[in-house]
Amino acid sequence: MGVCQERIEDQMLEGLTPPQNKAVYCKVNQLEESLEQSDSEIFITAINNPQTWSANSLSTALRQKGVSLADTTIAKHRNKTCACFRA
Ligand SMILES: [Zn+2]
């Protein structure tokens, strides 16, 4: 025939991944993702420094910047009891 058939990849499903579900992460993670990189770094530094930032003072400081994040959400994330740390 002379017709060159395109080779069908036998691994067409290679790299198949489940859809990313944003809802599985808590608001701390969502906020981190939505911030500019420099803001995100400041935010994560604060999250990771409970000695400097109590959940309550961080929540209040964020609210003054127009960001709503409950202190209970911060506390859960720090205690790894939020959605981010669920298997
Ligand atoms: Zn979290």
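Which residues does leucine 31 touch, not counting residues up to four places away in sequence? In this predicted model, the answer is Phe43, Val67 and Leu69.

Leucine 31 lies in helix α1, which covers residues 27-34. Leucine 31 counts as buried because 20 other C-beta atoms lie within 10 Å of its own, and the cut-off for a buried residue is 20 or more.

I turn next to a pair of helices. Two packed helices are described by the angle between their axes and the distance between the axes. For helix α3, residues 55-64, and α4, the axes come within 8 Å and cross at roughly 130 degrees. The two helices are therefore oblique to each other, and the crossing of α3 past α4 is right-handed. On the α3 side, the residues that meet α4 are Ala55, Asn56, Leu58 and Ser59; on the α4 side, they are Asp71, Ile74, Ala75 and Arg78. Sorted by class, this contact comprises 4 nonpolar, 2 polar and 2 charged residues.

Finally, I consider lysine 80, which is found in the segment after α4, the helix of residues 71-78. Is lysine 80 buried or exposed? Lysine 80 is exposed, because 9 other C-beta atoms lie within 10 Å, and a count of 12 or fewer defines an exposed residue. Its backbone also deserves mention: lysine 80 has a positive phi of about 55 degrees, although this residue is not a glycine.

Note on methods. Residues numbered from 1 in each chain as written. Predicted model: local features only at pLDDT ≥ 70, side-chain atom pairs only at ≥ 80, totals over all residues. Helix = DSSP H or I, 4+ residues; strand = E, 2+ residues; numbered from the N terminus. Axes fitted to C-alpha atoms, helices over the stretch in contact; angles between N-to-C directions. Parallel < 35°, antiparallel > 145°, perpendicular 65-115°, else oblique. Left-handed = near helix turned anticlockwise from the far one by under 90°. Contact = placed C-beta atoms within 7 Å. Nonpolar A, V, L, I, M, F, W, Y, C, P; charged D, E, K, R; others polar.
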